[in-house]
Amino acid sequence: MPIKTIKIVIAGPYGAGKTTFVKTLSEVLPIETDVPIMKSSIDGKKSTTVAFDYGRMKVREDLVVHLFGIPGQERFSFMWKIIARGMHGYLFIVDSSSEERVKEALGMYNFFRENFPSTPHVVAANKQDVPTAVDIPTIKSILKVPYEVKVMPLIATNRRSALFVLVTLLEEIRSYLIEMSRLR
Ligand SMILES: Nc1nc2c(ncn2[C@@H]2O[C@H](COP(=O)(O)OP(=O)(O)OP(=O)(O)O)[C@@H](O)[C@H]2O)c(=O)[nH]1
Ligand SMILES: [Mg+2]
């Protein structure tokens, strides 16, 4: 049975939860490039990614997903396109613990939409376990997410939640590939 491989990029701003997401789902020891940080604007955050995260997951016998997490800091923006090259789809994670954090994600979200206009994606509202978490319609409105793009609640530390979001993105990719093959 031929094995299909899918490349997925985990995007989103500083501290959104990209490394956490990859760690939660990876079935192999994830590759991490985090370095310690002294002080952070995000409670409890102790490190930041300086190159990328990598994890792998066998979703089905014949389907292997490669997860690549980007470094969220703006100073690493030159790497975003390099890491995204050849991806089948991307997950855009936002820290939804406050409206300010969601607003901070707008620039990067627009970057991905402008550079990869036809690549399937899903937006994930992470940290929904925090009592102040922003609701899905507000996030859709702040980021101006197109109506056909899904915005899903996420708790990246929770495997079931992370898996549900990943499977939804895989479905979006599948529909897109079917649509493309019809047009050919
Ligand atoms: N409450 C809560 N905290 C979370 C969740 N996911 C991640 N965090 C915390 O958020 C902080 C940032 O998570 P990271 O995974 O390092 O974020 P990142 O997007 O990889 O950040 P950069 O690599 O610096 O861009 C850490 O302190 C995590 O423990 C979640 O679902 N709920
Ligand atoms: Mg990271």
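This passage describes the surroundings of the two ligands in a predicted model. Local features require a pLDDT of at least 70 and side-chain atom pairs count only at pLDDT 80 or more, whereas totals for chains, interfaces and linings use all residues. Residues are numbered from 1 along each chain as its sequence is written, chains are lettered from A and ligands numbered from 1 in the order in which they are written, and side-chain values use heavy atoms, with hydrogens and water left out.

Ligand 1 sits in the largest pocket, a pocket being an open set of points on a 1 Å grid over the protein atoms alone, where a 1.4 Å probe fits, with protein on both sides within 12 Å along at least five of seven lines; a molecule sits in it if more than half of its atoms lie within 2 Å of its grid points. Helix 1 and strand 3 are the elements that give two or more residues to the shell around ligand 1, and the largest share, 3 residues, comes from helix 1. An oxygen atom of ligand 1 lies 2.5 Å from a polar side-chain atom of T48, and an oxygen atom of the ligand is 3.0 Å from a polar backbone atom of A156.

The magnesium ion (ligand 2) has T19 (OG1) and T49 (OG1) as its protein donors, 2.0 to 2.1 Å away, donors being N, O and S atoms within 2.8 Å of the metal (3.2 Å for Na, K and Ca). Because T19 lies in helix 1 (residues 18–25) and T49 in strand 3 (residues 47–49), the pair ties together parts that are 30 residues apart in sequence; helices (H or I, at least four residues) and strands (E, at least two) are DSSP runs, numbered from the N terminus.

Definitions and conventions. Polar contact = N/O pair within 3.5 Å; in protein donor to acceptor, adjacent residues only side chain to side chain. 1 Å grid on protein atoms, 1.4 Å probe; cavity = no way out; pocket = protein on both sides within 12 Å on 5 of 7 lines; lining within 4 Å.
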